[in-house]
Amino acid sequence: MYRLFYALTLICALNVYNSNAQQINPTHIGSVKGILRDTVHNYTLKSATVSLFKGDSTLISYQLSNNYGEFNFKNLPLNVKMHIEVSYVAHELYRKEFILTDGKLPLDLKTLIIKPRDITLKEVEIKIPPISMNGDTLEFNAAAFKLDSNAVVEDLLRKIPNVTLWGDGQITVNGREVKSLLVNGKQFFGGDFKMATQNIAKNAVDKVQVYATRNESNPLDSTLTVNLKLKKGKDIGHFGKIGGGAGTSEKYEFDGNVNMFSPKMQLGLIGASNNINKVANNIRTLTSNSTFKGVGTNIDYQSDFRQIGLNQSNIGGATFTYNFIVKPEWDKKSTFNADYFIKNNNLESLNDSETTTSINSSGKILDRNKRTGNTISTNQNFNTRFELSKKNHRLNINQTMFSNNGTTQNKAQQSAINSQDLLTSTNNTVGQNNYLNKGLNLAVYYNLSPNYITQRKHRFGGLNASYNLSINDNQSDRSNLTSFRSYTDANSNRDYDRKYDSQNNSVNQSLNLSLPNLKSLFFGYKNLGGFDLALNNSLRLNENSNRELVEDLNNSTHSYVRNSYLTNQTHVNLIEETPGITLSKSFYKSLSNRYNKSLNIVVSAKQNLIFQEHTSEKSFQNIKRNYSRFTPEVNINFNDNQYGEYYRNASLTYNTSIDVPSLTQLAPLNDSTNLYYLQKGNLKLKEAVDRTISLNFDHGDQTSKNILNYSFNISGGLIDNAFTDSVYIDNQNRRTVYSVNANGSKYLNGNGNLRKTLNLKTLQLQIDLNGGLNLTKTPTYLNGAFSFSNSFNTNGSLSANITYKDKFATEAKQSFETYKSKQEAFNTQYNGINMASSLSTSYNITKKFTLSSNITFNTSQSNSAKQINYTIWNANAIYRFLKGNNAEFKFSALDILHQNTNIINYGSGNGFTLGTQNVLQQYFITSLSYYPRKFGKDARKK
């Protein structure tokens, strides 16, 4: 498969190179330039829309004239009839035809005179320009792009020059990523791009508008927004899906959703049920993957053959949005959102694994573990969000209520084997747990901005305030049967029949206040060298109460009696105060319509004060502690925006944080039923201090095609007094674990991505490269010996996605995960790798018939086990019918080769684990779906 992947990638690269070479060959391409002027008023036309067409009126590209009225189109074909059209507010449409014959020098159209429109005469609009500029908004007229009657917004965007629709749904305009997609100025069913682009009919769209909006988190930056302006009367309608299927091995699936919208309201209802490991954890997952035109190489909501266990799930929910203002703006908005989600899930799991642990330079212990489990659970979530913007005021109120209840039954058989391959002990457990967890999360954010305070007497620089509240109530009633047998010491044998009645309540609060721009408050409008001050304070209050009632079976009376040691009540209070002062300095350099550069330096001085109090029925758990630490922070941010070419952002950050020990680390109660892991406390633990430095870089092209975007971030740090374990392992694999502090802990994390796209007429190639690494050096103690454990984990993927119009899409992908760990004192090393090579293809044979297939070759290997290979191959045949292609028949063959296996292969510290888990395997299924959709009201009957 690797040879197939590399061959495919090489062929694509050669084709791209040859095609691209032809495009950049100066003997085959040319350019045209000119200047726009209104001689009546004697000024050049800035931001006029210049559209470039072929002779058949096919739109090739477009530009906005710069501050000097200039335009310049490059990479144009020779000996082809073309023309430009210039549109400008209150001016007549200008048209100029030309043919390029020389690729060495640009064709200079020189000064083009654009005549003002005579507003005293009645005019007839002959042609709607496909592109125009309305203030700061670029507008594309949907009527200028002819498409099939069943086309959706996604098809429209593919027709617009300089707009790229990626395979993952991301949209770029002139190479710049679109961060927000709106419909009539409002979020459309949660803001998921696919909900709008793959459902809304092209015929319902009047204009596609593109504009920049201020980034609220960074006022020096802006984000790109696309707004779909619907035609009059088309802002009311509905769309959705209802479908079901049945297959072999009693497999089935059903899912349905209906989404209704009007100028002020949006309402969605969903439901789904299946036993094929299609698990949605929220409403958006289901709705965004059941769109009218959701066929492609990437679908999130499908049978997950990598998921652990066999899942049978039932899902229901609703989403609601109400806009109090029909036409919201960034400074005038009032919106309420709510959604409810319920999921009932039945999970059957089976895990069979073996862990190898080094206990010294020559000795190892094997831990063989076989677990079976069944969990029946019901999870409910209710979320609301209120957003209000009014001039210089911003208010957001978010709340979440949740409830999780269920029953878990599990069995575990655990065996310990020494380095001589002799069985030393076994520990078998049978457990059951009935639980109920419920809670409330509330977040309130308020911002007062001085942007609208125009009178100079107002010196107040603004206010940022946030409040967070989290309330949790957890209850469980569980039982545990444990049988421990030692084959070296019969006196160590133990049997337990224990019950637990637990209740935990917690209330966590945080309040953050910030006063920015203090310079204006104290010094008025003096510049002071461009420096500014800000005050900020963070207050955190955590309260936790825990009640534990434990009972053991008395064999003589056959009744349960209280365990006086484990039965306990604890209460924990934590108060954390972090005041700080921030000094900032900004530098700017710009040239209108050319470039904009900024450098922002922020230095914060903070003092972290923590008070911690533990009270308990056990006297040794009554602990009070105070912590105080200076935690400075430095942030340097650089932005470079070269209009029409690229934008770059780089940031360097340094910060300090502390982590305080918990009651479990200081003075825990040891449950003797878990003989393979006994936690011991350490009252001498100090707080851990983490010092981190991170670098982030982001580059994005703003060219019309052949875009290269890349970014990376890397962070590293040192931890003083890091929390680590001092572990004592006996020859029966019983572990006694002490929490201790140790110096020398280091880490380095990094990840990056690169995306390249080449537009070759009707063919589009996308190449994505992603990777990450994690390098840690962790101090540990094992059986009294100090050692550093060095771990190096990596992951990465390379994919090539080829799209031909809307007919064909294929993606080849190679991914891998590696781990490597080394113990310096024991001179031992473990490493392993998991790899997957996949090829996914979707081919629209006709507008109604589609074939798709995806095949994945999986490999798992380690330095002490045989290589495991298996292949997962899925295929689908889809047929659309009825007038609007609203009905769909689908036949799916999953895991055709019947090889699916879930391999456990990972390393951690001084050991590694290998094994298998039960997963979904081969089945065939046939389904039928219907997509109701309507935009606009029915015409009135005469």
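Accessible areas here come from the Shrake-Rupley method with a 1.4 Å probe; for residues, only the protein chains shown count as cover. By that method, the protein chain has an accessible surface of about 47200 Å². Carbon and sulfur atoms account for 54% of this surface.

The model is predicted: local features need pLDDT of at least 70, side-chain atom pairs count only at pLDDT 80 or more, and totals for chains, interfaces and linings use all residues. Residues are numbered from 1 along each chain as its sequence is written, and side-chain values use heavy atoms, with hydrogens and water left out.

**Stop 1: the whole chain**

Select the protein chain and colour by pLDDT, the predictor's confidence in each residue, from 0 to 100. The mean is 86, and 92% of the residues reach 70 or more. Now pick residues 1–27. Here the pLDDT is below 50, and the stretch has 32 contacts in the model beyond near neighbours in sequence. A contact means heavy atoms within 4.5 Å. Move to residues 120–126. Their pLDDT also stays under 50, and the model has 2 contacts for them beyond four places in sequence.

Switch to a cartoon view. The chain holds 6 helices and 50 strands. These are DSSP runs, numbered from the N terminus: helices are H or I of at least four residues, strands are E of at least two.

Zoom out. The C-alpha atoms fill a box of roughly 110 × 75 × 65 Å along the principal axes.

Of the 942 residues, 43% count as buried. Buried means under 20% relative accessible area, exposed over 50%, and partly exposed in between (1.4 Å probe, protein chains only). Among contacts between residues at least 6 apart in sequence, 66% join residues at least 24 apart.

**Stop 2: Q209**

Select Q209, in strand β15 (residues 205–214). Q209 counts as buried because its relative accessibility is 11%. Setting aside residues up to four places away in sequence, Q209 touches T137, L138, E139, T225, V226, N227 and K229.

**Stop 3: N480**

Go to strand β25 (residues 463–486) and select N480. N480 is buried, at a relative accessible area of 16%. Residues up to four places away aside, its contacts include T429, Y496, D497, R498 and T673.

**Stop 4**

Select K110, in strand β8 (residues 107–113). Its phi is near 60 degrees, a positive value in a residue other than glycine. K110 is exposed, with a relative accessible area of 58%.

Next, select N885, in the loop between β45 (865–881) and β46 (887–894). N885 is not a glycine, yet has a positive phi of about 55 degrees. At 9% relative accessibility, N885 counts as buried.

**Stop 5: K746**

Finish in strand β39 (residues 745–760), at K746. K746 is partly exposed, at 42% relative accessibility. Show G717, L718, L775, T776 and K777: K746 is in contact with them, leaving aside neighbours within four places in sequence. Then draw a distance to V178, 568 residues apart along the chain. The C-alpha atoms of K746 and V178 are separated by 38 Å.
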